[in-house]
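Subject: The model, and what turned up in it

Hi,

Here is the structure I promised to pass on.

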Amino acid sequence: MPIFSAPDGTRLTYHLRGEGEPLVVLPGGPMRASAYLGDLGGLDAHWQLVLLDLRGTGESELPADPGTYRCDRLVDDVEALRVHLRQERMDVLAHSAGGSLAMLYAARHPQRLGRLALITAIPRALGMPATAEDRLTAARQRASEPWFADAFPPFEAWLEGRGDFDPAFLPFFYGRWDDTARAHAFREEAETNDDAAEVYGADGAYEPDATRDALARVRTPVLVLAGGMDGGPTPSLARQTAQAFPAAEFAVQPGAGHYPWLDDPERFVRRVAGFFS
């Protein structure tokens, strides 16, 4: 289990899958252990995945200062990983909330970034969160599913602030609600540092105007991949993310939810592998 030290001395862990050129992977959640990413549908057959456990998650150490869970402060941890790996420029794949961390890294260290893939990434760093209506519109696409009638009312209540989180609506986050999706979903609570997640996007984490200005000067190739059934982000919101980069390509994986490598691993790997090749 490889370990390196962050600038403040916090001991951080990453996990290696596969062989070949390294591809650094930033997890979402926010603040979910990287274990949920698995092998990204078999992407480890093409690259050596470097799956970072962000501080306070997975096998990484709890920091002395909980304020360092904030997204903008985690950028230093990502840069420390690059130095540890001895990479002049590193390729990065970021999922979900990890996309904002990747955007802040790109803005601060553009010269250290090779290629960047943003997978179902909500662009909070650009001041564009997914709205309740985004999520409900996507959810209504699932009206023919046998679980929809039980799942939609609590989902709507939760998004509108009238109810608590209910596992009944977890199927909306997946393109296919099968045994694989169920096992993946029900691990989330155990894999997530909820206290850290509260800090991740706290006041001061994002400066959207400054980030947009910086990303407009980033010439690295970027892939923004959305799930066709995902509500956070919707394909429309993901397209707006791509527009923040001068050299971005935008793609939608049909039928996929928030975890496209689970819904159609072959299609996911083919698209992402083609981008990094």
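Two strands count as paired if DSSP finds at least two bridges between them. Helices (H or I, at least four residues) and strands (E, at least two) are DSSP runs, numbered from the N terminus. With that in hand, Leu223 stands opposite Glu249 in S8. The strands S7 and S8 pair in the parallel sense, over 6 bridges.

A word on where the values come from. This is a predicted model, in which local features need pLDDT of at least 70 and side-chain atom pairs count only at pLDDT 80 or more, while totals for chains, interfaces and linings use all residues. Residues are numbered from 1 along each chain as its sequence is written, and side-chain values use heavy atoms, with hydrogens and water left out.

The sheet

The open sheet is formed by 8 strands in the order S1-S2-S4-S3-S5-S6-S7-S8, with mixed pairing. Strand S1 (3-5) and S8 are at the edges with a single partner strand each, so one side of each has no neighbour in the sheet. On average, neighbouring strands are turned by 25° against each other, direction ignored.

Further in, S3 and S5 pair in the parallel sense over 4 bridges, and Val25 has Leu93 in S5 as its bridge partner. S5 and S6 are also paired in the parallel sense, over 5 bridges; here Met90 has Leu113 in S6 as its partner. S5 is mostly covered, as 5 of its 6 residues are buried (under 20% relative accessible area with a 1.4 Å probe, protein chains only; exposed is over 50% and partly exposed in between).

Helices against the sheet

Helix H11 (residues 265-276) lies across S3, S5, S6, S7 and S8, and runs at about 155° to S6. Such angles run from 0 to 180 degrees between N-to-C directions, with axes fitted to C-alpha atoms, for helices over the stretch in contact.

Helix H9 (residues 235-242) has Leu237, Ala238, Thr241 and Ala242 buried. These four cover an arc of only 150° around the axis, which puts them on the same side of H9; the arc is that of the directions from the helix axis to the C-beta atoms. The buried residues of H9 pack against helix H2 (98-108), strand S6 (113-119), helix H3 (132-140), strand S7 (222-227) and strand S8 (248-253), where contact means heavy atoms within 4.5 Å.

Aromatic rings

There are 21 aromatic pairs in the structure. Rings of Phe, Tyr and Trp (its six-membered ring) pair if their centres lie within 6.5 Å; planes under 30 degrees apart count as stacked, over 60 as edge-to-face and the rest as tilted. Phe148 and Phe152 are stacked, because their ring centres are 5.1 Å apart and their planes are at 25°. Both lie in helix H4 (residues 148-159), 4 residues apart, about one turn of the helix. Phe148 counts as buried at 15% relative accessibility, and Phe152 does at 12%. The pair of Tyr259 and Trp261 is edge-to-face, because the centres are 5.8 Å apart and the planes at 90°.

A contact across the chain

What does Glu191 touch, leaving aside its neighbours within four places in sequence? Glu191 is in contact with Met31, Arg32, Ala33, Ala35 and Tyr36. The C-alpha atoms of Glu191 and Met31 are separated by 8.5 Å, although these residues are 160 apart along the chain.

Best wishes
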